[in-house]
Amino acid sequence: MIQSSMVNPKISHRPTICYRPIQPSDLEILEQIHSDLFPVRYESEFFQNVVNGRDIVSWAAVDRSRPNGKSDEPIGFVTARIVLAKDSEIADLLSYDSTKVDQTLVYILTLGVVEAYRNLGIATALIHEVIKYASSIPVCRAVYLHVISYNNPAIHLYKKMSFKCVRRLQGFYFINGQHYDSYLFVFYLNGGRSPCSPLEFVTFVVNCMKTGLKSVAAKLIKNEDKGVRLPKHKETRRLISTQNKRMIKTESSGGEYV
Ligand SMILES: CC(C)(COP(=O)(O)OP(=O)(O)OC[C@H]1O[C@@H](n2cnc3c(N)ncnc32)[C@H](O)[C@@H]1OP(=O)(O)O)[C@@H](O)C(=O)NCCC(=O)NCCS
């Protein structure tokens, strides 16, 4: 159990945050927080499975200093499920022996922290719990999750925690009659990362091209120094080279989202 104590201007006391498994007595508050935080409704079966630990692992954050008998009431949570690597949508991104059918992944289903307790590192600690748990399973190759494309606090959080954004899925979510894209984030574990994913290969080729362009430019500059006359279209060449660099930069930083 992790414990921390910090100051939060949104609550009138100094919180003492602890992390524990979710338990049956959390059912009502868990349903309430999910309905407050998410634009989609979860089935009651989902909550039953969470609180009873049926195929789902979960942690709650509680504030032990919270007054009015609420010192064991969840103010944050994370829920996750173990899935088989071979059946998952990221099977192609993993380095694992496909003949070993028991390879697994941990998929984060829901994560949330009530507003008054945000930006205190609680979600970070909850994800650490999931990573610690997943790492302790020798056949587990990664922790992964989906996030809606406009959820900047969550995207910031996953990137900060070294999750890799491996895909953008068009229209993945359908909420109130509208489609929204999602990003797929992966945290590789136990040698789960493929030695060379297609994205890394493209990045490698682009970098080689970039290096090649640089060395051509360096040679031209050297020749210029030596007084060698350059062809008339040199400015165009330089312009193209600069534009390429800008494109490459955009592609490789944006490439994280492929
Ligand atoms: C996403 C969420 C779980 C984060 O919880 P949290 O306990 O506040 O997270 P942490 O305190 O561990 O980290 C928050 C980070 O996000 C940053 N952040 C907060 N608001 C942000 C914003 N609008 N844009 C970008 N970053 C933001 C914080 O600065 C902090 O980063 P830092 O440590 O580098 O300063 C919480 O905002 C939440 O419950 N949102 C609603 C439910 C949700 O979106 N769940 C995720 C579904 S995938």
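Student: Which of the 19 residues around the ligand come nearest?
Tutor: Arg-118, Ala-123, Thr-124, Pro-153 and His-156 do, where being near takes a C-beta atom, placed from the backbone, within 6 Å of the molecule. Keep in mind that this is a predicted model: local features need pLDDT of at least 70, side-chain atom pairs count only at pLDDT 80 or more, and totals for chains, interfaces and linings use all residues. Residues are numbered from 1 along each chain as its sequence is written.
Student: Which elements give two or more residues to that shell?
Tutor: S5, H3 and H4. Helices (H or I, at least four residues) and strands (E, at least two) are DSSP runs, numbered from the N terminus.
Student: And where does the largest share come from?
Tutor: From H4, with six residues.
Student: How does the shell divide by residue type?
Tutor: Ten nonpolar, seven polar and two charged. Ala, Val, Leu, Ile, Met, Phe, Trp, Tyr, Cys and Pro count as nonpolar, Asp, Glu, Lys and Arg as charged, and the others, Gly among them, as polar.
Student: OK, over to H3. Which residues are buried there?
Tutor: Ile-122, Ala-123, Ala-125, Leu-126, Ile-127, Glu-129, Val-130 and Ala-134. Buried means 20 or more other C-beta atoms, placed from the backbone, within 10 Å of a residue's own.
Student: What do they pack against?
Tutor: Strands S2, S3, S4, S5 and S6, plus helix H4, going by contacts (C-beta atoms, placed from the backbone, within 7 Å).
Student: Zooming out, how many helices and strands are in the chain?
Tutor: Six helices and eight strands. Of its 258 residues, 24% count as buried.

Terms used. Buried ≥ 20, exposed ≤ 12 C-beta atoms within 10 Å, placed from the backbone. Contact = placed C-beta atoms within 7 Å.
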